[in-house]
Amino acid sequence: MTLKDEKFYKTIRDFLDIYLIRHKGYSANTQKSYREALNLLLLYFKTECGLEYADVGFENITYPNITGFLEWLSDSRNCSPATINLRLMAIRSFTKYAGILDPAKIHTQVEISNISIRKTPSKVVEFLTVPALDALMAQPNRLKANGYRDFCFMKLMSRQ
């Protein structure tokens with residue numbers, strides 16, 4: 001099988017295996033998440049755009065294609081806005097890396113950086129009830145130095 005854009009797949013490999021781990025110091029889990037995002041993007045190109053993997057290249061990383069990919073994640077795969085945002089951040093990071101390697105790709109980076117992130121519902125912060133807070137404050141053993149220290153920190157944080 002011959003690749004239409006060999007440099008594209010080499011850049012993906014170097015991005016995942018060298019840049020994320022050695023240069024950025026990201027964890028293996030982050031690398032796995034970014035790899036999954038790029039694999040899903042390739043799957044989108046294959047299933048929705050009718051492109052074989054060998055035919056995908058940098059020219060396919062466009063604003064309309066990436067926004068279509070994000071819609072596909074939402075509609076077909078039922079991804080949450082937070083997951084869609086994570087996938088977008090992985091693609092943005094990849095295009096930034098491609099721009100570092102080849103200044104001709106900076107246009108792609110700028111184009112993808114103009115895609116808005118999705119709004120995510122804000123989290124509701126629930127507070128402890130007074131009995132629950134009292135039970136929590138009773139946990140440290142105040143007869144030991146560490147327990148007394150822990151109790152003092154908890155007291156300072158509780159404002160009770």
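Predicted model: local features only at pLDDT ≥ 70, side-chain atom pairs only at ≥ 80, totals over all residues.

User: OK, what volume does the largest pocket have?

Analyst: Its volume is about 230 Å³. On a 1 Å grid over the protein atoms alone, a pocket is an open set of points with protein on both sides within 12 Å along at least five of seven lines, and a cavity is a set of points where a 1.4 Å probe fits but cannot get out; lining residues have an atom within 4 Å of a point. A volume is the space filled by probe spheres set on the points, which are joined across faces, edges and corners.

User: And which residues lie nearest the centre of that pocket?

Analyst: Of the 10 lining residues, F127, L128, L133, M157 and S158 lie nearest the centre. The elements giving two or more residues to this lining are helix 6 (130-137) and helix 7 (145-158), where helices are DSSP runs of H or I with at least four residues, numbered from the N terminus.

User: How many cavities of 30 Å³ or more are there?

Analyst: The structure holds 1, and about 30 Å³ of space lies in the largest cavity. Its lining consists of K7, T11, F58, A98, L101, D102 and K105, with helix 1 and helix 4 each supplying at least two residues.

User: Switching to packing, which residues touch the most other members of the largest nonpolar core?

Analyst: They are F8, F15, I66, F69 and L73, out of 33 residues in that core. Such a core is a set of buried Ala, Val, Leu, Ile, Met, Phe, Trp, Tyr and Cys residues joined through side-chain atoms within 4.5 Å, buried meaning under 20% relative accessible area with a 1.4 Å probe and protein chains only. Helix 2 gives the largest share of this core, 8 residues.

User: What does F8 touch?

Analyst: Leaving aside residues up to four places away in sequence, F8 touches L42, V56, G57, F58, I61 and F94, contact meaning heavy atoms within 4.5 Å.

User: Last one: why does T108 count as buried?

Analyst: T108 counts as buried because its relative accessibility is 12%. T108 sits in helix 5 (residues 106-113), and T108 touches I61 and T95, again not counting residues up to four places away in sequence.

Key:
Residues numbered from 1 in each chain as written. Heavy atoms only, no water. Buried < 20%, exposed > 50% of the residue type's maximum accessible area, 1.4 Å probe, protein only.
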